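Dear colleague,

Please find the structure below, handed over for your own work.

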Amino acid sequence: MTTVLIADDDPDILELVRFKLETAGLEVVATSDGQSALDAALADPPALAVLDVMMPRLSGIEVCRSLKSTPATAGVPVMLLTARSQEVDVERGFGVGADDYLIKPFSPRELLTRVRALIGRGDTA
């Protein structure tokens, strides 16, 4: 089964994303902070990481940078999910290696479409 790591400190967003992905047949590992997300990804690299940008302990930007600089996780596609919508924020996300950037509020259908596209492009875990 394809595993997606999701990390968001907002429990409502975390459950929404988890529900949407699990009903689509994906296995989900959910965490509520950046350090836990990084630890989970390093222990068992997922097919995709969906990361909130603003999280406690480590930001999604820092987690993305760490994943992309670690050989075992460098190929894991990363989607940043955030309320930060300024061009500089989007540029920063792609600058650290993010593969996609989705701005909150978002359509759950669009989220799933993007997740499927990213999983189709990357290596599956």
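To begin with charged pairs, Asp-33 forms a salt bridge with Arg-57, with the closest N and O atoms 3.2 Å apart; a salt bridge here is a side-chain nitrogen of Lys or Arg within 4 Å of a carboxyl oxygen of Asp or Glu. This pair connects distant parts of the chain, 24 residues apart: Asp-33 sits in the loop between β2 (27–31) and α2 (34–43), and Arg-57 in the loop between β3 and α3 (60–69). Helices (H or I, at least four residues) and strands (E, at least two) are DSSP runs, numbered from the N terminus. Asp-33 counts as buried at 11% relative accessibility, whereas Arg-57 counts as exposed at 61%. The terms stand for under 20% relative accessible area (buried), over 50% (exposed) and in between (partly exposed), with a 1.4 Å probe and protein chains only.

Please note that this is a predicted model, in which local features need pLDDT of at least 70 and side-chain atom pairs count only at pLDDT 80 or more, while totals for chains, interfaces and linings use all residues. Residues are numbered from 1 along each chain as its sequence is written, and side-chain values use heavy atoms, with hydrogens and water left out.

By the salt-bridge rule the count comes to 8. Another of these joins the side chains of Lys-104 and Asp-8 at 2.9 Å, N to O. It too spans distant parts of the chain, 96 residues apart, with Lys-104 in the loop between β5 (100–103) and α5 (108–121) and Asp-8 in the loop between β1 (3–7) and α1 (11–23). Asp-8 is buried, at 3% relative accessibility. A further salt bridge, between Glu-15 and Arg-18, has an N to O distance of 3.3 Å; both residues lie in helix α1, 3 residues apart, or about one turn of the helix. Glu-15 is partly exposed at 43%, and Arg-18 is partly exposed at 24%.

Over residues 3–119 the chain is 46% helix and 21% strand, and the end C-alpha atoms are 10 Å apart.

Asp-52 is found in strand β3 (residues 48–52) and is buried, at 3% relative accessibility. Not counting residues up to four places away in sequence, Asp-52 touches Ala-7, Asp-8, Asp-9, Ser-59, Gly-60, Leu-81, Thr-82 and Lys-104, where contact means heavy atoms within 4.5 Å.

Which residue lies in the loop between α3 and β4 (78–82)? Thr-73 is placed there, and Thr-73 is buried, with a relative accessible area of 0%. Leaving aside neighbours within four places in sequence, Thr-73 is in contact with Ala-41, Leu-42, Pro-45, Ser-66 and Leu-67.

Lastly, a search of the whole structure finds 1 aromatic pair. Phe-94 and Tyr-101 form this pair, which is tilted, at 6.3 Å centre to centre and 40° between the planes. Rings of Phe, Tyr and Trp (its six-membered ring) pair if their centres lie within 6.5 Å; planes under 30 degrees apart count as stacked, over 60 as edge-to-face and the rest as tilted. Phe-94 is partly exposed at 40% relative accessible area, while Tyr-101 is buried at 7%.

With kind regards
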